[in-house]
Amino acid sequence: MFTLAEVASLNDIQPTYRILKPWWDVFMDYLAVVMLMVAIFAGTMQLTKDQVVCLPVLQSTVNSKAQPSTSGKADFTTVETTSGQGEEPSMRTVSFGSAPTVTPDIPLSRATSSQYQPTESGQELKKEQKDSSGRKTNLDFQQYVFINQMCYHLALPWYSKYFPYLVLIHTIILIVSSNFWFKYPKTCSKIEHFVSILGKCFESPWTTKALSETACEDSEENKQRLTGAQSLPKYVSTSSDEGSPSASTPMITKSGFKFSADKPMIEVPSVTILDKKDGEQAKALFEKVRKFRAHVEDSDLIYKLYVGQTVIKTVKFIFILCYTANFVNTISFEHTCNPKVEHLIGYTRFECTHNMAYMLKKLLISYISLICVYGFICLYTLFWLFRIPLKEYSFEKVREESSFSDIPDVKNDFAFLLHMVDQYDQLYSKRFGVFLSEVSENKLREISLNHEWTFEKLRQHVSRNAQDKQELHLFMLSGVPDAVFDLTDLEVLKLELIPEAKIPAKISQMTNLQELHLCHCPAKVEQTAFSFLRDHLRCLHVKFTDVAEIPAWVYLLKTLRELYLIGNLNSENNKMIGLDSLRELRHLKILHVKSNLTKIPPNITDVAPHLTKLVIHNDGTKLVVLNSLKKMTNVAELELQNCELERIPHAIFSLSNLQELDLKSNSIRTIEEIISFQHLKRLTCLKLWHNKIVNIPSSITHIKNLESLYLSNNKLESLPTAVFSLQKLRYLDVSYNSIALIPGEIGLLTNLQHFYITGNKVDVLPKQLFQCVKLRTLCLGQNCITSIPDKVSKLLHLTHLELKGNCLDRLPATLGQCQVLRKSGLLVEDHLFDALPPEVKEVLNQDTSIPFANGI
């Protein structure tokens, strides 16, 4: 037989699962334990004491000699039987009457003992037997045992025999049904994960210590209490409200949390900062909750399984109640038995008594009472399951009480688990809701970030950039540390891959800040911070993947001078440019767009009258529509790089103020349109490098004010004399072409300071080249030059001479007469330099304080 401990183990669940056991499940578990005890108790008694006692019902003639007895006398019936063949009939007496009467004066023990006192002589015994009367059965003890065993199985109803086992089986089924959702593989994993996360969220320091401070830190009263009379320096804008963000602009409101007026404010003596370990654990919890929610919210298997097992228990209750009610009256004390073994016993009918009938009937009534209570609880559970939508859970109360207004409502199995937890203790769901809030997560990140990035650590990361400005670059942080805004001497701030960047009012302390970089960082700003940036920021770099990442407040920075946009500005099918109006940027002078444009965005024309420099760097996408260029009458510098242009756009010829044109990395093959540049009187720099230009038309002479000409990395085979008629030319770059000859007319370029012809096929240097006495840079590398004329000594201003990669066998000794040329500016093979006279090498090795001029 099972022990109680062994059977009760079927009901064991992990102690941590108790938070998912509502009161009705707990109550039903206890009822199941009581039913188990009833089954085990009844089964144990049946195994040890259950039996029937049977007596035969005589069918022969009864010689009743005894008269009806009066009160206090026994009634005896005499049955005449034969003990065997050839023997005289003998008389056996069996008493069926009442017990002898006990008088008040005689003790019970004496009355009883006197009845059974042995006779002193056989004569007295015979006399007593002769006087007594009874019923003769003619059965011995073994026959009685045999009949009792047979009648136990024949006469006793099956329910009386198997009642304990049925109760045990039913109870086990109910126990299994109650806890099946904790054992089923597809649900137990989710439940185990949920309980684990819930316990960690409940005990996390963030929900106990930091949460209360989160609600208090943004209260204005507490800020004043913490900081005393000292207040944050606030920037007061001298401009009008024009250009301030509209209601739709993503700004950070001053107060991110709500407080109830009727609740007393708790005094916070100091702001507690989570240690690094607690902060990392809390961050991990936020990530676990996010992933668990995504995994559980997509199905309702747990809910369906719980409903299913409740329905099974209800159906089981109805079934048990129906058939038990029919068999409750079959458990009786008296039974008639017809064993059909008359040839062995001599009797056909027996009257039997079931000695456990009374106890089993009481246990059955108790069991029916328990199962009724169990069934009513099942019906209540079904009512609860279908009364409210359990596949939706609202954190409305939690949002009001915890001051986190962004806790989202959940659905499906996630909602059902939280409903079950509420039946245990609503405090669990309140604390758990904190880890569903993005505000809470951001606040935690902010606290941890400020703890890690102190003022001293940030100061160590400040460096000097190429423009000799103090620059700080923050990369892949969870936010912007508060200590950044204490670096008041910072001039350039770069924020890269910081999706939750927030710019508070403290930025008004950074009076030297003029340049801001936002690389994949859609930063949000407070109203005061925006006012400061609007009136102080001069240069802004925005790098993005989608145009929606560009903060809306960028288009309202009316004092902005330079704007750099790097990212995808084309929407689907390149039909529409997703760029907001730039009309408010009245002072914008430089617009740099690195994207994949097919046309110049119409919104750029909003600031066209003010632009002086427009740069469009495409990623190889062909720029087709350029008509908007005609409106940019004040543009002085125009760059259209990598736009797959095949000819010089005609719209450029309308830019009367154009001074510099850069068409680098296109597919231009011919530049016959260059004759139209004669209308661009101010054009001084023309960059046509990295194209496919084969020749230079003679019409280039019409660009009389041209000072710089870039034609490197093309397919030129010669230099026309027309180029050398440009008397103002100071910079000529024809590197990496197929030029074999430098015309002697180069001597006409008396103002030439920089000449690059590296990577061509030149073998002879004309003597007229050295008439360009203003040359500072002369790059002749990677050609076929065999000798350098001695007239190189005329280049007194030469500071950079490249000769490496030629066929030289020596260098002229006159190099020493180039007064400002030094070894650092002489690029030549080592063996050629070593072959120079010692005095020349000594001159070239001398230090010079004259700076190398690589500009124009």
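Which residues form a nonpolar patch on the surface? The legends below start there.

**Figure 1. A nonpolar patch on the surface brings together Trp23, Phe27, Val373, Tyr380 and Phe383.** Together these residues have about 490 Å² of accessible area, computed by the Shrake-Rupley method with a 1.4 Å probe, where for residues only the protein chains shown count as cover. Patches are made of residues with over 30% relative accessible area and no salt bridge; like charges are joined within 9 Å, and nonpolar side chains (Val, Leu, Ile, Met, Phe, Trp, Tyr) within 5 Å. Two elements, α2 (23-49) and α13 (357-387), each give two or more residues to the patch, and α13 supplies the largest share, with three residues. Trp23 lies in helix α2 and is partly exposed at 45% relative accessible area (buried is under 20%, exposed over 50%, partly exposed in between, with a 1.4 Å probe and protein chains only). Please keep in mind that this is a predicted model, in which local features need pLDDT of at least 70, side-chain atom pairs count only at pLDDT 80 or more, and totals for chains, interfaces and linings use all residues. Residues are numbered from 1 along each chain as its sequence is written, and side-chain values use heavy atoms, leaving out hydrogens and water.

**Figure 2. Lys304 and Asp300 form a salt bridge.** Their closest N and O atoms are 3.6 Å apart; a salt bridge here is a side-chain nitrogen of Lys or Arg within 4 Å of a carboxyl oxygen of Asp or Glu. Lys304 counts as exposed at 53% relative accessibility, whereas Asp300 is buried at 15%. By this rule the count comes to 20 salt bridges.

**Figure 3. Two salt bridges connect loops, one between Lys506 and Asp486 and one between Lys622 and Glu646.** The side chains of Lys506 and Asp486 meet at 3.5 Å, N to O. This pair links distant parts of the chain, 20 residues apart: Lys506 sits in the loop between β12 (502-503) and β13 (515-519), and Asp486 in the loop between β10 (470-475) and β11 (492-496). Asp486 is partly exposed, at 32%. For Lys622 and Glu646 the N to O distance is 3.9 Å. Lys622 lies in the loop between β18 (613-618) and β19 (637-641) and Glu646 in the loop between β19 and β20 (660-662), so this pair ties together parts 24 residues apart in sequence.

**Figure 4. Leu497 and His520 have a positive phi although neither is a glycine.** Most residues other than glycine have a negative phi. Leu497, in the loop between β11 and β12, has a phi of about 55 degrees and is partly exposed at 33%. His520 has a phi of about 50 degrees, lies in the loop between β13 and β14 (524-526), and is partly exposed at 24%.

Conventions:
Helix = DSSP H or I, 4+ residues; strand = E, 2+ residues; numbered from the N terminus.
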